[in-house]
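Subject: Structure handover

Hello,

Here is the structure I said I would pass on. My notes on what was found in it follow below.

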Amino acid sequence: MSYDEELADLFTTNSDALTVCGACQWHCTLAPGEMGRCRMRVGTASGLALLNHGLIAGATIGPIEDHRFWHFFPDSQVLGIGGWGYATVTDQGRGPYGSIPDDPTKRRKLDADRAANFALERLCRGVVWAYGEPAVNHEYVRGLLQLSRASSRYTAIITTGAMTEEAFDQIGHYLDGFSLDLRGFSEASYARLGGLPNWRGVLAIAERARHRWHCHIEVTTRIHHGVNHDPEELRALIGWIKSALGAHTPWHVLPGDAGSETAAATMRARRLAHELGLHYVYGAETNQQTRCPSCQQTLITRNNGVARIVGLNGAACASCGHETKLHTSMYKQQQQRESRSVTE
Ligand code: SF4
């Protein structure tokens, strides 16, 4: 496949004059013509060429809830967009967005400014990077988030958390929502279900999203019986969500395969999360309500893909005043960032 000369800017050159990519945990070291692990970036004599830049793997308009953001601008329409490539080894092999189509007529190009304008014209309230790993599409995602925020759209990404801190800090300022695809909570689970040099690095990125950039965070885990269903591992995972991100962080617990043992393990994981004090635990069903953890008043209903806010006053429970921490305003986050920069 030929590639255009769109160059990455997040790289260094080592003492052997090889290019070292700085977008994700792999830090691929590439000679000219050599392809990175994601198969989307190629070393050149002058840096790093991007095979996937501006090539769109999918684009849809629909409710934000379709992307498993359930406490983030509920009942709003969003442009979901994504590109090609993964950082996780298991997805590079079999994920749906792992390879750019060979057929040129199936390659769709959409520049970031046109995508941001499209969201505005279609009256989408936000833009979410929903397909493929954002780290592997770093330069495009950064442009898309910047332009979308400039036109007052909210922004979000769905990610495995595989990006480097340096890459994340380039987008953090423009990012409102962060959905972490958390594969498990052990080296063994990540070896089977992810494949990254440092699985704990994804936790550090999520904590950075929460505490440095004040992003709204939701976590999704797919349970696979025999891989990541062990109660002790799940206890540690839930404990991390609670202590590092907060008990109000929504956890979406889905069956990772169709087996009956996995279905039972998924239900057990949900029960465990409730017992250990997570306030908002959701399964795969689409018709789930959000209730106030304090007085049990229904806050949001979801029926057949339609979400309705029924018991909120701003982000507080309309019945008892409990602060739910639902994310409904870009300005609140901006204020947090500004007050943080004043105190730094
Ligand atoms: S994005 Fe990650 S996998 Fe791809 S070339 Fe860069 S470091 Fe390697």
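Helices here are DSSP runs of H or I of at least four residues, numbered from the N terminus. The model is a predicted one, so please read what follows with that in mind.

Helix H7

Helix H7 covers residues 231–245, and its 15 residues should span 21 Å at 1.5 Å a residue. Its end C-alpha atoms are 20 Å apart, which agrees with that. The buried residues in H7 include Leu234, Leu237, Ile238, Ile241 and Leu245. Viewed down the axis of H7, the buried residues fall within an arc of 95°, so they line one face of the helix. An α-helix has 3.6 residues a turn, so residues three or four places apart point the same way. The face of H7 turned away from the buried side carries Glu232 and Ser243, which are exposed.

What covers the buried residues of H7? The cover includes helix H6 (200–211) and helix H8 (260–275), together with strand E12 (216–223) and strand E13 (251–255). After H7 comes Gly246, with a positive phi near 115°.

The ligand

The ligand is surrounded by 14 residues. Cys21, Cys24, Cys28, Gly36 and Cys38 are the closest of them. Sorted by class, the shell has 10 nonpolar, two polar and two charged residues. Domain 1 (11–50) and domain 2 (55–287) each supply at least three residues to this shell.

Two residues other than glycine deserve a note here: His27 has a positive phi near 45°, and Phe73 has a positive phi near 45°. His27 sits in the loop between strand E2 (19–21) and strand E3 (29–30), whereas Phe73 sits in the loop between strand E6 (55–63) and strand E7 (77–83). Is Phe73 buried or exposed? Phe73 has 23 other C-beta atoms within 10 Å, and 20 or more count as buried, so Phe73 is buried. His27 has 15 other C-beta atoms within 10 Å, which makes it partly exposed.

Gly314

Gly314 is in the loop between strand E18 (312–313) and strand E19 (316–317). Gly314 has 11 other C-beta atoms within 10 Å, and the limit for exposed is 12 or fewer, so Gly314 is exposed. Between Gly314 and Leu326 the separation is 12 residues in sequence and 8.8 Å in space, C-alpha to C-alpha.

Regards

Technical notes. Residues are numbered from 1 along each chain as its sequence is written. This is a predicted model: local features need pLDDT of at least 70, side-chain atom pairs count only at pLDDT 80 or more; totals for chains, interfaces and linings use all residues. Helices (H or I, at least four residues) and strands (E, at least two) are DSSP runs, numbered from the N terminus. The expected span of a helix is 1.5 Å times one less than its number of residues. The arc is that of the directions from the helix axis to the C-beta atoms. Two residues are in contact if their C-beta atoms, placed from the backbone, lie within 7 Å. A residue is near a molecule or strand if its C-beta atom, placed from the backbone, lies within 6 Å of it. Ala, Val, Leu, Ile, Met, Phe, Trp, Tyr, Cys and Pro count as nonpolar, Asp, Glu, Lys and Arg as charged, and the others, Gly among them, as polar. Domain bounds come from an automatic or database domain assignment.
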